[in-house]
Amino acid sequence: DVEILDPTTGTITSAAPMSAPRMQHAAVLLPTKKILVIGGQSDRFGAALRSTELYDPKTNAWTAGPQLVEGRAGAAVALFEQGKKVLIAGGFSWTGNQPVVSRTAEVYRADSNTVAATTGQMQSPRCAGAAVTQRNNQILLASGYASVANATPAPSEIYDIQNDTFVGVAMSDVR
């Protein structure tokens, strides 16, 4: 089920349902005013989904987006290059009864509606963290977990957009 909140009136209305149930997914508003929904899980201990969907509020309709290279739940996402691209970093999936956290990342390209893996891997596995686009052509990946099972925090790092690489960054505390 999908619901839309109008913050000016406080009214909640139903919208068209997605094609797949999702939890632990990511969503980002694109400059086109469409919403890209990324990965997630269809149930609590299920494998992470590789699918993406695009919601168009003008038509109240969903269309299939590109398949991710790797299934991801709990990924960090950030828009960059004026919203033409989205970094999709880390995430986790269940293997057996164990959550496995990813070190890989992908980039969604809005102009071609495609996804491709980054050339570099993150310094540390990461899920449930935050991604913040900086003005210096970098994206800060902060917080999150390197291991869900052990609640091990992930160290922060930077995604260098121009070089398509990840670099560790020293913060005073691991968050």
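## A hairpin to start with

Strands β17 and β18 (residues 165-168) run antiparallel and are joined by four bridges; two strands count as paired if DSSP finds at least two bridges between them. Strands here are DSSP runs (E, at least two residues), numbered from the N terminus. Together β17 and β18 make a hairpin with four residues between them, and D164 in the turn has a positive phi of about 55°. Across this pairing, E157 has G168 in β18 as its bridge partner.

On to the other partner of β17. Strand β14 (residues 138-142) pairs with β17 in the antiparallel sense, over four bridges. There, L140 has I158 in β17 as its bridge partner. In a regular strand, side chains alternate between the two faces of the sheet. Strand β17 (residues 157-160) is covered on both faces: E157 and Y159 are buried on one side, and I158 and D160 are buried on the other. "Buried" means under 20% relative accessible area, "exposed" means over 50%, and "partly exposed" is in between (1.4 Å probe, protein chains only).

## What you're looking at

This is a predicted model, where local features need pLDDT of at least 70 and side-chain atom pairs count only at pLDDT 80 or more, while totals for chains, interfaces and linings use all residues. Residues are numbered from 1 along each chain as its sequence is written, and side-chain values use heavy atoms, with hydrogens and water left out.

Let's take the sheets in turn. L36 stands opposite L54 in β5.

Another open sheet has four strands in the order β7-β8-β11-β12, and its pairing is antiparallel. Its edge strands are β7 (76-80) and β12 (114-117), each pairing on one side only. Neighbouring strands in this sheet are turned by 20° against each other on average, direction ignored. β7 and strand β8 (residues 85-89) pair over five bridges in the antiparallel sense, and V77 stands opposite I88 in β8.

## Salt bridges

The structure holds four salt bridges, a salt bridge being a side-chain nitrogen of Lys or Arg within 4 Å of a carboxyl oxygen of Asp or Glu. One of them links R22 and E53, with the closest N and O atoms 2.9 Å apart. R22 sits in the loop between β2 (11-15) and β3 (26-29), while E53 is in strand β5 (residues 52-56), so the pair ties together parts that are 31 residues apart in sequence. Both R22 and E53 are buried.

Another salt bridge joins the side chains of E106 and R72 (2.9 Å, N to O). Since E106 belongs to strand β11 (residues 105-109) and R72 to the loop between β6 (61-64) and β7, the pair ties together parts that are 34 residues apart in sequence. E106 counts as buried at 0% relative accessibility, and R72 is buried with a relative accessible area of 2%. Then there's E81 with K85, whose closest N and O atoms are 3.3 Å apart. Here E81 counts as partly exposed, at 34% relative accessibility, while K85 counts as buried, at 17%.

## Loops with a positive phi

Most residues other than glycine have a negative phi. Q24, however, has a positive phi near 60°. You'll find Q24 in the loop between β2 and β3, partly exposed with a relative accessible area of 41%. N60 also has a positive phi, near 55°. N60 is in the loop between β5 and β6 and is partly exposed, with a relative accessible area of 32%.

## The largest pocket

The largest pocket has a volume of about 150 Å³. On a 1 Å grid over the protein atoms alone, a pocket is an open set of points where a 1.4 Å probe fits, with protein on both sides within 12 Å along at least five of seven lines; lining residues have an atom within 4 Å of a point. Grid points are joined across faces, edges and corners, and the volume is the space filled by probe spheres set on them.

The lining includes Q24, along with M23, R44, F92 and W94. By class, the lining has seven nonpolar, two polar and one charged residues. In this scheme Ala, Val, Leu, Ile, Met, Phe, Trp, Tyr, Cys and Pro count as nonpolar, Asp, Glu, Lys and Arg as charged, and the others, Gly among them, as polar.

Methods:
Axes are lines fitted to C-alpha atoms, for helices over the stretch in contact, and angles run from 0 to 180 degrees between N-to-C directions.
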